[in-house]
Amino acid sequence: MFTKILVDLDGSDRAHKALIMAAKLATRCDAKLVLVHSLQIRSLRTDYEAIVSDSVRDAYLKIGKEQADAILSRAAKEAHELGVAKVKPVIKVSDPVETMLKFAKKQGAELMVVGTRGLTGLRELALGSVAHKLMAMAQCPVMVVR
């Protein structure tokens with residue numbers, strides 16, 4: 001059925017639920033499970049690049065990569081415990097939607113699995129939704145886990 005499944009992980013409870021669902025499916029299909037964490041430095045200021053020194057940006061990236069490594073290590077361990085034989089952790093410095101779309105296309109993923117907070121209406125519009133954007137833009141099926 002599926003040979004390669006991508007799961008978007010950000011360390012949240014909803015991402016953990018997506019991991020469990022993706023791992024169970026990967027086990028049943030004997031699929032490779034790709035654990036994807038997108039690392040971003042966020043700012044509300046438009047002049048962010050001009051005012052933040054390289055050393056500060058590097059410090060944020062270092063801390064972010066350490067946290068991403070921890071998230072993906074725990075996820076890989078849990079996936080193996082759930083019976084997934086092939087697990088690949090991936091960290092990308094990019095927007096989560098952009099990361100998942102590009103990586104799915106490049107790797108030939110047949111399914112993306114993402115968690116959702118279940119926001120609707122103005123809250124979803126204001127905060128954005130990775131799951132919603134992936135469903136609209138992905139070229140492969142997207143499973144949304146609540």
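**Exercise 1.** In this predicted model, find which helix gives the largest share of the lining of the second largest pocket.

*Solution.* Step 1. List the lining: L9, G11, S12, A15, H16, L19, I71, R74, A75 and E78. Step 2. Note the elements that supply at least two residues each, namely α1 (13–29) and α3 (54–81). Step 3. The largest share comes from α3, with 4 residues.

**Exercise 2.** Describe the second largest pocket by its volume and by the classes of its lining residues.

*Solution.* Step 1. A general point comes before the value: empty space is found by rolling a probe the size of a water molecule over the atoms. Step 2. The space in this pocket is about 160 Å³. Step 3. Sorted by class, the lining has 5 nonpolar, 3 polar and 2 charged residues.

**Exercise 3.** Describe how helix α4 packs against helix α6.

*Solution.* Step 1. Locate the helices: α4 covers residues 96–107 and α6 covers residues 130–137. Step 2. Two packed helices are described by the angle between their axes and the distance between the axes. Step 3. For this pair the angle is about 35 degrees and the axes are 9 Å apart. Step 4. The crossing of α4 and α6 is right-handed. Step 5. On the α4 side the contact is made by P96, V97, M100 and L101, and on the α6 side by V130, K133, L134 and M137. Step 6. By class, 7 residues of this contact are nonpolar, none is polar and 1 is charged.

**Exercise 4.** Decide whether P89 is buried, partly exposed or exposed, and state which residues P89 touches beyond its neighbours within four places in sequence.

*Solution.* Step 1. Step 2. The relative accessible area of P89 is 47%. Step 3. Buried means under 20% and exposed means over 50%, so P89 is partly exposed. Step 4. With those sequence neighbours left aside, P89 is in contact with L35 and L72. Step 5. I71 lies 18 residues away from P89 in sequence, and their C-alpha atoms are 9.7 Å apart.

**Exercise 5.** Summarise the chain by its secondary structure and its buried share.

*Solution.* Step 1. The chain has 6 helices and 5 strands. Step 2. Their order along the sequence is β-α-β-α-α-β-α-β-α-α-β. Step 3. Of the 146 residues, 40% are buried.

How values were computed: Residues numbered from 1 in each chain as written. Predicted model: local features only at pLDDT ≥ 70, side-chain atom pairs only at ≥ 80, totals over all residues. Heavy atoms only, no water. Axes fitted to C-alpha atoms, helices over the stretch in contact; angles between N-to-C directions. Left-handed = near helix turned anticlockwise from the far one by under 90°. Contact = heavy atoms within 4.5 Å. Nonpolar A, V, L, I, M, F, W, Y, C, P; charged D, E, K, R; others polar. 1 Å grid on protein atoms, 1.4 Å probe; cavity = no way out; pocket = protein on both sides within 12 Å on 5 of 7 lines; lining within 4 Å. Points joined across faces, edges and corners; volume = space filled by probe spheres on them. Buried < 20%, exposed > 50% of the residue type's maximum accessible area, 1.4 Å probe, protein only.
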